[in-house]
Amino acid sequence: MPALSLVIRPELPDDGPAVARLHARAFGPGRYARTAYRLREGGPHRPDLSVTASVGSFLAGSVRMNAVRAEGPAFLALGPLAVDPSFEGRGIGSALMQAALDAARTAGEGLVILVGDLPFYARFGFAPVPPGRLGLPGPVDPSRFLWLELAEGFSARVSGIVGGAAD
């Protein structure tokens with residue numbers, strides 16, 4: 001299979017409609033009922049830390065970061081990470097993850113949480129959130145509630161139920 005002419009770049013304001021269509025293709029209408037989506041309902045994503053992947057003029061993937069808060073300082077919730085079904089298995093999700101995490105580190109962020117599959121996210125350093133440290137505003141399999149500390153000691157400063165739209 002030929003190599004993709006993939007362009008990874010920060011999300012631009014005009015990308016919103018294409019990202020929404022990508023989410024619909026990748027996750028379907030049931031996505032709105034998931035706890036991870038409920039967490040993001042509180043406010044807009046952080047475009048300065050969100051990343052897209054394009055092949056030619058086609059938006060093939062996207063990952064967004066959202067500011068969230070529990071008790072303690074604000075931190076980030078990653079997601080959704082979406083790759084168009086016709087481009088799955090080509091490394092686009094991994095490239096998006098690395099770019100988004102690099103942007104978060106460069107911005108001086110301290111912690112990223114997400115709901116996802118540990119076998120995929122462990123390669124980026126994510127691990128399950130220890131029981132009793134953080135909770136989400138809805139049901140989630142504890143083995144899928146993951147975090148990655150970007151600044152040493154940051155995770156010790158947060159606890160409680162995570163909510164969106166951190167100020």
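Phe126 touches Met97, Leu101, Val112, Leu114, Leu118, Tyr121, Leu146, Trp147 and Leu148, with residues up to four places away in sequence not counted; contact here means heavy atoms within 4.5 Å. The model is predicted, so local features need pLDDT of at least 70 and side-chain atom pairs count only at pLDDT 80 or more, while totals for chains, interfaces and linings use all residues. Residues are numbered from 1 along each chain as its sequence is written, and side-chain values use heavy atoms, with hydrogens and water left out.

**Nonpolar cores**

Phe126 is also one of the residues that touch the most other members of the largest nonpolar core, a set of 26 residues; the others are Met65, Leu78, Leu96, Met97, Leu101 and Val112. A nonpolar core is a set of buried Ala, Val, Leu, Ile, Met, Phe, Trp, Tyr and Cys residues joined through side-chain atoms within 4.5 Å. Buried means under 20% relative accessible area, exposed means over 50%, and partly exposed lies in between (1.4 Å probe, protein chains only). Two or more residues of this core come from each of strand 2 (51-55), strand 3 (58-71), strand 4 (75-83), helix 3 (92-106), strand 5 and strand 8 (145-149). Helix 3 gives the largest share, six residues. A second, separate core has 14 residues, including Ala70, Phe75, Ile113 and Phe145.

**Aromatic residues**

Phe126 forms one aromatic cluster with Phe120, Tyr121 and Phe124. Rings of Phe, Tyr and Trp (its six-membered ring) pair if their centres lie within 6.5 Å; planes under 30 degrees apart count as stacked, over 60 as edge-to-face and the rest as tilted. By this rule there are four aromatic pairs. The Phe120 and Tyr121 pair is edge-to-face because the ring centres are 4.8 Å apart and the planes stand at 90°. Phe120 is partly exposed, at a relative accessible area of 22%, whereas Tyr121 is buried, at 10%.

**Chain as a whole**

The protein chain contains four helices and nine strands, in the order β-α-α-β-β-β-α-β-α-β-β-β-β along the sequence. Helices (H or I, at least four residues) and strands (E, at least two) are DSSP runs, numbered from the N terminus. Of the 167 residues, 44% count as buried. Among contacts between residues at least 6 apart in sequence, 67% join residues at least 24 apart. The chain exposes about 8100 Å², of which carbon and sulfur atoms supply 57%; accessible areas come from the Shrake-Rupley method with a 1.4 Å probe, and for residues only the protein chains shown count as cover.

The mean pLDDT of the chain is 88, and 86% of the residues score at least 70. pLDDT is the predictor's confidence in each residue, from 0 to 100. Where pLDDT is low, the predicted coordinates should not be read in detail.

Glu11 and Asp15 are treated together here. Glu11 is found in the loop between strand 1 and helix 1, and Asp15 lies in the loop between strand 1 (6-10) and helix 1 (16-27). Glu11 is buried at 8% relative accessibility, and Asp15 is buried at 9%. Their side-chain polar contacts are listed below; a polar contact is a pair of N or O atoms within 3.5 Å, where within protein one must be able to donate a hydrogen and the other to accept it, and residues adjacent in sequence count only if both atoms are side-chain atoms.

| Residue | Partner | Distance |
|---|---|---|
| Glu11 | His45 | 3.0 Å |
| Glu11 | Arg64 | 2.8 Å |
| Asp15 | Arg9 | 2.7 Å |

Neighbours up to four places away in sequence aside, Glu11 touches Val19, His45, Pro47, Ser50, Val51, Thr52, Ser62 and Arg64. With neighbours within four places likewise left out, Asp15 is in contact with Arg9, Pro10 and Thr52.

**Prolines and Val115**

A cis peptide bond joins Gly79 and Pro80, with omega about 0°; Pro80 is in strand 4. Pro130 is in the loop between strand 6 and strand 7 (134-135) and is partly exposed at 31% relative accessibility. Its C-alpha atom is 9.6 Å from that of Ser143, 13 residues away in sequence. Val115 lies in strand 5 (residues 111-115) and is partly exposed at 28% relative accessibility. The C-alpha atoms of Val115 and Pro142 are separated by 9.0 Å, and the two residues are 27 apart along the chain.
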